Amino acid sequence: MRIRSAVAAAAIVALAAGCGGSGGDSGSSGDSNEPVKLNFLSLAWQKESVAANKQLVEEWNKANPKIQVTYVQGSWDNVNDQLVTSFEGGDAPDVIHDDSPALSGFASKGYLLDLKDKVPAELKSDIPQAAWDTVTFDDGKGNQGVYGVPFLQESTVVIANKKLLDAAKVRVPTPDNPWTWDEFAEISKKLTKSGQFGVAWPMKSPVNKTLNLALNFGGTFFQTSGGKTTVKVGPEEKEVLQRIHDQLYKDKSADTSALGMGTADPLPGFFAGKYAMLPVGVYLRQQVVEQAPKGFDWVTLPPLKGTSSDQGAVSQTLSVAADSKHPDEALKFMSFFLNGANQAKLAKGDWLLPTSVKAASDPSMTAKENGWDVATASGKNLVVAPFLKVNGFDEWKSKVATPVLQEYYANKITIDEAAKKLVEDGNKVLERYQK
């Protein structure tokens, strides 16, 4: 979802030292005075987020002396490789923090507990079906199961220099009346002048951003027929590709030198007035708050609208290891940890969006300060990203889509050439996963 700090070594130590025995045998020896002990692997990494996680674990432990949870600090760096080792060694954590794309492979190998009929009704009903779809996968035997509880998500919003918007007298969009892509293009042109671009598109890693935004026009990039999945790049998929390309080379309202940048790299130019707008993940608001010069006036604008404002969603999740000796207790802890009030705390700490309907209505999630009201409202537009269900997507992304999209956005190939490569080279990759 975002760039995490590189603390892989800490995660290795945590997994090796903190997760032995998948919660151990405590509580199963017949001694009723012995509490059940659970290990909770958390991948929280920001200071506020780690503090929120640890606080909730402490609250649980004080209120539940018979079920004690040990907080184990992990890292997003290589965590899935480390988890495979712990799964195969039989010492995986009881409760596992990860993101939804990783769950598919774990589910097919039998590493995770199917929660389909185990999630308490109150928690299940508080999270929309669109979020549950992100954690629903085939178990490798043709059965659909739910392998995690989704609790945090990310959308792409537009962060804008309010002073420049006001000077150009443009309409400020609202969640109920967002800018269309056509309006965005016209406003970007209006905000472009000598030494200033309307928009910067950081496309160092272009695939997920492009595919998620393509859903604005119904673009899915993949189609399945007769049990076989192939790459699809038709009119719907080409809409966002062409519109971004037009901003770069036709309207010249987007800075071509920003294409090789990572998500946060345009911020110095944004603060200096070189870029009026940045289409970025909601979490980048934190860095704006922390890094903006004194007096810098900025605003969070809602997602753009094509035929819809739909965007693809990836969820952060909590799962239960299939080998956990205490799955019922693990679910009780998860139900507490992910209730509405607590999801609001976790979302605030991570500058992301809660899946909980109750959390989304929490005053901290609807405040105008730092654009929380607009950011939270954007969660209603999130749907399961179709590409995350595609076996072989990661290889297609790294070997085909990333270089092709980089070439296209750099104006080295046409949109039809890009489409042909994405489809033909992509289908060769997918074919290997469908034999």
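Reader: What volume does the largest cavity have?

Author: First, the general idea. Rolling a probe the size of a water molecule over the atoms shows where empty space is left. A cavity is a set of points, on a 1 Å grid over the protein atoms alone, where a 1.4 Å probe fits but cannot get out. Grid points are joined across faces, edges and corners, and a volume is the space filled by probe spheres set on the points. Here the largest cavity has about 60 Å³. This is a predicted model: local features need pLDDT of at least 70, side-chain atom pairs count only at pLDDT 80 or more, and totals for chains, interfaces and linings use all residues. Residues are numbered from 1 along each chain as its sequence is written, and side-chain values use heavy atoms, with hydrogens and water left out.

Reader: How many cavities of 30 Å³ or more are there?

Author: Four.

Reader: Which residues line the largest cavity?

Author: Lining residues have an atom within 4 Å of a point. Among them here are Thr156, Val157, Val158, Trp181 and Trp201. Strand β7 gives the largest share, three residues. The lining divides into eight nonpolar, three polar and no charged residues. Ala, Val, Leu, Ile, Met, Phe, Trp, Tyr, Cys and Pro count as nonpolar, Asp, Glu, Lys and Arg as charged, and the others, Gly among them, as polar.

Reader: Where does β7 sit in its sheet?

Author: Strands of a sheet pair through backbone hydrogen bonds, either parallel or antiparallel. Strands (E, at least two residues) and helices (H or I, at least four) are DSSP runs, numbered from the N terminus. Two strands pair if DSSP finds at least two bridges between them. This open sheet has four strands in the order β8-β11-β7-β12, with mixed pairing. Its edge strands are β8 and β12, each pairing on one side only. Strands β7 (156-161) and β11 (275-281) run antiparallel, joined by five bridges. Val158 stands opposite Pro279 in β11.

Reader: Which helix packs on the sheet?

Author: Helix α12 (284-291) does, touching β7, β11 and β12. Contact means heavy atoms within 4.5 Å.

Note on methods:
Axes fitted to C-alpha atoms, helices over the stretch in contact; angles between N-to-C directions. 1 Å grid on protein atoms, 1.4 Å probe; cavity = no way out; pocket = protein on both sides within 12 Å on 5 of 7 lines; lining within 4 Å.
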